[in-house]
Amino acid sequence: HQGYYHLIGETTEVTGNGMIYLKVDTTGSVIKSNKLNTEGKIYTGGGYTYGVIKSIDDRGYYVVTNDHLRKNNATLNIPYVLHVSSELDTVYWRTRFQHPLLFIGDNSMTINNACLLNDSSGIITCGALDTPPFAEPSYGSLFKCSLQGDSLWTRLLQPVGWDSLRAWWLSIESIRTTPYNTIVACGRVSDGQEEVIKGWLLHLDSEGCLVPGCDKIVNSEDIKKGLVQSFTIYPTLIHSDKLYVLSNVQSESSYNLQLTDLQGRIIKSTKLKAIEGIQYVLPVTEDIPNGEYILSITGIDFNQSEKIIIAR
């Protein structure tokens, strides 16, 4: 622009990471520089845990990054979205990622990327919620805030039946919005059982739902009365290699998830720890032939069975 380059990136110092603005001329000489001054300690993770998006009102940028904190002698990363001026000298607003699981034990959160929704309703940030103390894998995460800095929702996703010994880590690493205002997210999970890194490719609606209606608030009394199911299973007619389960209940006990044929033979069996609002991904492997099946989820508090048709 007018013979200058405007650069935004990270700076690494003894005291920690940060973000910096540089204005340079065509010979590479620095004309102006600014560091982003905000609360906390910004952690950019070597360049892969932050993102910069030009704001739609042309008032600078939306920056997604992590606040690097210490808690109980452990590192705690808390993601933030900031609206900053074009030269990083003004912070208009700062929005914090918030989820109850983030503040348990040594759990920590990192972000990887972000995008603007096409309807200008907000910014979607993707990343991972790590849960090292528990016998469960991490979560892939999505976080939405408005263009005014309002925190709107958080979505967490997890593969069914994996524990922390199998899923060494998992993360949603890139995200885009489609012309239809839906969300396409991709990521990876490290499979310690098969010793490979597997890719994720997920198509979600504008509310971050793999399971339609994940944004709805469910009353526990309606579940007890049978007006709402404990788990939402989608789709019941499967044309792909995945089945999605949304938990509408919270329980300390594990649930048994079984896929059986119509003769009662067990085709697939695994455990599910029911956490309200989590969307679980159940692989439907190629060794399961097309046909009709019964998916049962049983536990101390709730039981549910659904007819499933696999028609690839």
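This is a predicted model: local features need pLDDT of at least 70, side-chain atom pairs count only at pLDDT 80 or more; totals for chains, interfaces and linings use all residues.
Residues are numbered from 1 along each chain as its sequence is written, and side-chain values use heavy atoms, with hydrogens and water left out.

Now look for bonds between cysteines. A disulfide is a covalent bond between the sulfur atoms of two cysteines; in this model it is called when a pair of cysteine sulfur atoms lies within 2.5 Å. The structure holds one disulfide, and it links cysteine 209 to cysteine 214, with an S to S distance of 2.0 Å. Because the torsion about the S-S bond of cysteine 209 and cysteine 214 is about -85°, this disulfide is left-handed. Both partners are tucked away: cysteine 209 is buried at 4% relative accessible area, and cysteine 214 is buried at 10%.

Cysteine 115 is in no disulfide, and its nearest cysteine sulfur, that of cysteine 126, is 7.9 Å away. Cysteine 115 is also buried, with a relative accessible area of 7%. Cysteine 126 is in no disulfide either; the nearest cysteine sulfur to it belongs to cysteine 186, 7.8 Å away.

Next, let's turn to the pockets. A pocket is an open set of points on a 1 Å grid over the protein atoms alone, where a 1.4 Å probe fits, with protein on both sides within 12 Å along at least five of seven lines; lining residues have an atom within 4 Å of a point. The largest pocket has a volume of about 480 Å³, a volume being the space filled by probe spheres set on the points, which are joined across faces, edges and corners. It is lined by 21 residues, and those closest to its centre are Trp162, Arg166, Lys198, Pro283 and Thr285.

The second largest pocket holds about 390 Å³ of space. Among its 19 lining residues, Thr154, Arg155, Cys214, Glu276 and Gly277 are the closest to its centre.

Definitions and conventions:
Buried means under 20% relative accessible area, exposed over 50%, partly exposed in between (1.4 Å probe, protein chains only).
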